Amino acid sequence: MICFTFMIDGVVSEVLKGFLAKYGKQWDGREAQRIVGKTPLEAAAAVVEEYGLPCGKEEFLAELHPVFYAQLCNIKPLPGASRLLKHLSGHGVPMALASNSPRGSIESKISYHQGWKDYFSAIVGGDEVTAGKPSPEIFLEAAKRLNREPSSCLVIEDSMPGVTAGKAAGMEVVAVPSVPKQAHLYTSADVVINSLLDLQPEKWGLPPFQDWIEGTLPTEPWYISGPVIKGFGRGSKVLGIPTANLSPKGHSSLLSEHPSGVYFGWAGLSTRGVYKMVMSIGWNPYFNNAEKTIEPWLLHEFTEDFYGEELRLVIVGYLRPEVNFPSLESLIAKIHEDKRIAERALDLPLYSKHKDDPYLSSSLHSESNHS
């Protein structure tokens, strides 16, 4: 049994930003952990309390509800969700969707994602049970509708209430935290993964993915560009690895769509050429970045710096999640292993064809044309 929740830092954040601005308040995301996985009324109560709003939770919800529903078409599933659903469905694995949201809201959300409704043998909404998560009732009802014993079910959850509910139902639980840098709170789960891209179904007796190629996972190409900025000064000085950092400003939407981790692809510098590239996106646990950063490493020996030059990236594949390392030496060794895997993979036709993408060599193209 699979349970998905949609990303909190996308549409929900945008709606809350606009709503709170009317009260002179600014949504800063600090309440994200408290509202993920909650029933709509519980989430409303948390926001009203935290921001000291001059309205009740019912009034808050009534005003927010139509705005949120108008944005349902823009809600994006967790990265890797569609790949996982398609894979399990193709192998005949029965799946249920169990959420604290009302049944009608769930069905509206998934209607915007082609084929999703057909993937699920059962859908259970928070309005169909007497108590939502963290009560186990919603998962026990889902197992009942699937005609499966709870102990034979696997729950995939992005919220703490969902993890608690799954374990209370006697099920195995994989946690995929939707709020950054909160993995340490999910210790009650059987395993915590960075994103659904990192799920290994075979560990749970399910058919393994067959789409990894020589240690890489092909992705739909995505694009990002900007002037090269000075980073933290640690790339060359501490790691011996000169990264060509991009500013995350202006890229928040794109960064929220892609989980932190190590990726690879092609990098174009308009006056210099196109180069193989491996990059990290995220908080770099070893250095504990305060914000999500973009740190590409162009796999070429440059004789001079190129700060301020326009760097254009085509990302074509995924290597691994961000992890913390016990020592600087082990971090450096892993980065060089990433380099070897990416260099070899980028010679494969599947990836090498993207070297000729016009986006890499023309400053006339914009990211918006490649979303």
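Select Glu310 and Arg312, which form a salt bridge whose closest N and O atoms are 3.2 Å apart; a salt bridge here is a side-chain nitrogen of Lys or Arg within 4 Å of a carboxyl oxygen of Asp or Glu. This is a predicted model, in which local features need pLDDT of at least 70 and side-chain atom pairs count only at pLDDT 80 or more, while totals for chains, interfaces and linings use all residues. Residues are numbered from 1 along each chain as its sequence is written, and side-chain values use heavy atoms, with hydrogens and water left out.

Glu310 is partly exposed at 29% relative accessible area, whereas Arg312 is buried at 3% (buried is under 20%, exposed over 50%, partly exposed in between, with a 1.4 Å probe and protein chains only).

Next, select Asp357, which is buried yet has no salt bridge, the nearest side chain of opposite charge being that of Arg312, 8.1 Å away (Lys and Arg count as positive, Asp and Glu as negative, and His and the chain ends are not counted). A polar atom of the Asp357 side chain does lie 2.8 Å from the backbone nitrogen of Tyr359.

Then move to Asp211 and Arg83, whose side chains meet in a salt bridge (2.7 Å, N to O). The two residues are 128 residues apart in the chain; Asp211 is partly exposed, at 27%, and Arg83 is buried, at 18%.

Technical notes
Polar contact = N/O pair within 3.5 Å; in protein donor to acceptor, adjacent residues only side chain to side chain. Helix = DSSP H or I, 4+ residues; strand = E, 2+ residues; numbered from the N terminus.
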